[in-house]
Amino acid sequence: MTTAQVCIMISIILYMGIVIAIGLVFSKKNKSADDFYLGGRKLGPLVTAMSAEASDMSSWLLMGLPGVAYFSGIAEASWTAIGLAIGTYFNWLIVAKRIRRYSQKANNSITLPDFFSNRYRDGSKLLLFISAVVIVIFFIPYTASGFVACGKLFSNLFGVDYFPAMIISALVIVAYTALGGFLAASTTDFIQSIVMSIALVIVLGFGVSAAGGLDAVIANANELTGYLSLTATHDVATGATGSYNALTIVSTLAWGLGYFGMPHILLRFMAINNEKKLTLSRRVASIWVVISLGVAVCIGIIGYSMSLKEVIPMFESKSAAESIIVQIASTLSGYGIIFAFVAGIILAGILASTMSTADSQLLAASSSVSHNIVSGVFGKKSSPKASVIIARATLVIISVIAMFLAINPNSSVFDIVSFAWAGFGAAFGPVVLFALFWRRSNRYGALAGMISGGVMVFVWKYLIAPLGGVFAIYELLPAFLIACIAIVVVSLATPAPSKEITDEFDEVKAMK
């Protein structure tokens, strides 16, 4: 192992040690399932903002998005980023405060399935069960994408086999999350968002310099037809160009709709200690998201020029291009010991982005099984101490399944995240919005919307989109619309909600 690799390894080990230490500190504060899954609603505004966005962006920010920009130009990457920025702002603006109030009013709901069930007084537990199953279905592969990113990171960097690298990094994530629960995950996410920001700034500055300056970057990109166009694409590997029409743009912007249904983000809203501080959280989160997404897209474009100068390799596939920041950090480490430690910070940033999402996903998935299905649906009651043990055991089991799904090193982080994002956005997004803002919605409508939205994601992606033409759009948009229609039609066709339910809705709406 070279001196540079040793320095990088030291930086990463120190970082891993810090997050595990945080898990140990907060492990003593988990006295019940409420503490483990929602932290007793004690998050401050900055931790709420930055942990929500760090858990949202994941390795997708530092690997997936730059990889797409590098391989096909700015169209898909930019419209995706714009959609996400808009979705972030409106999620904080219209959903955050209302769900904080409503989740506490609705029998102090500590998970999203809890909220759905309590909001609609679903005595059958069907809404609780189906929403918990949806979380498990989509979060396990989402978590697996994080494990894939970690495996790629260590495999590319140190020349080790992918599988053991993936397993070791996954075990670290599981360790601090199982120990510290929601408070540990949120605190580490806050730290990880800072590390991610530092990594983006360093890579951007070094990349421009190594590529020959900003003028050289722009000139090289302009030589590729459609590469810098928002209405065209350019395949770097084959030189093929294509159009990015209005329908495709709209469907790509639909990434922003996914925010309304993301359990790990909505939990941050539910957990803040003072709803009056959500305005500060919204501003911090929105600014960070816009800057970080913009920088990530630029890094992809800069990376192409670095490849032309043979500073980093020329990537032949989108999956391979997702290691662009790893390659840049590896190159930087060759400039001396100080730069090697800086490279270690960059790589710790990638690790941080992965951990920040994986920990939140594991918590949400395990809460669905242990709290919502075992305790809520089947009525298996346990003491507060036993409930925490069950929660931790469930988290470990789900992690093992995710590791199994992450065995393939050629999996695209962007593609996996894209599908899981669509699943949550379509299955939960419309239900959340109608539950919070439509008085007439009922449990039948919520069930219809959740099922139709989740099923349509699979149907559109695997049966309809392959037909091509106007059907080749991101599955989230049609699935989201179908779910909205189902909620309205079924709610109006079935009995109106009880007075108890509507009175609670009015009480929450009237809160100032």
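Trainee: Buried means under 20% relative accessible area, exposed over 50% and partly exposed in between, with a 1.4 Å probe and protein chains only. So is cysteine 484 buried or exposed?

Mentor: Cysteine 484 is buried, at 17% relative accessibility. Please note that this is a predicted model: local features need pLDDT of at least 70, side-chain atom pairs count only at pLDDT 80 or more, and totals for chains, interfaces and linings use all residues. Residues are numbered from 1 along each chain as its sequence is written, and side-chain values use heavy atoms, with hydrogens and water left out.

Trainee: And cysteine 298, what is its relative accessible area?

Mentor: Cysteine 298 has 39% and is partly exposed.

Trainee: How many disulfides are there?

Mentor: The count is 0, taking a disulfide as a pair of cysteine sulfur atoms within 2.5 Å.

Trainee: New topic: which residues touch the most other members of the largest nonpolar core?

Mentor: Val95, Phe116, Trp421, Phe428 and Met450 do, in a core of 115 residues. Such a core is a set of buried Ala, Val, Leu, Ile, Met, Phe, Trp, Tyr and Cys residues joined through side-chain atoms within 4.5 Å. Its largest share, 15 residues, comes from helix α16 (residues 413–437); helices are DSSP runs of H or I, at least four residues, numbered from the N terminus.

Trainee: What is phenylalanine 116 in contact with?

Mentor: Beyond neighbours within four places in sequence, phenylalanine 116 is in contact (heavy atoms within 4.5 Å) with Leu127, Ser131, Phe428, Val431, Val432 and Met450.

Trainee: Where does arginine 98 lie?

Mentor: Arginine 98 lies in helix α4 (residues 74–105).

How values were computed
Helix = DSSP H or I, 4+ residues; strand = E, 2+ residues; numbered from the N terminus.
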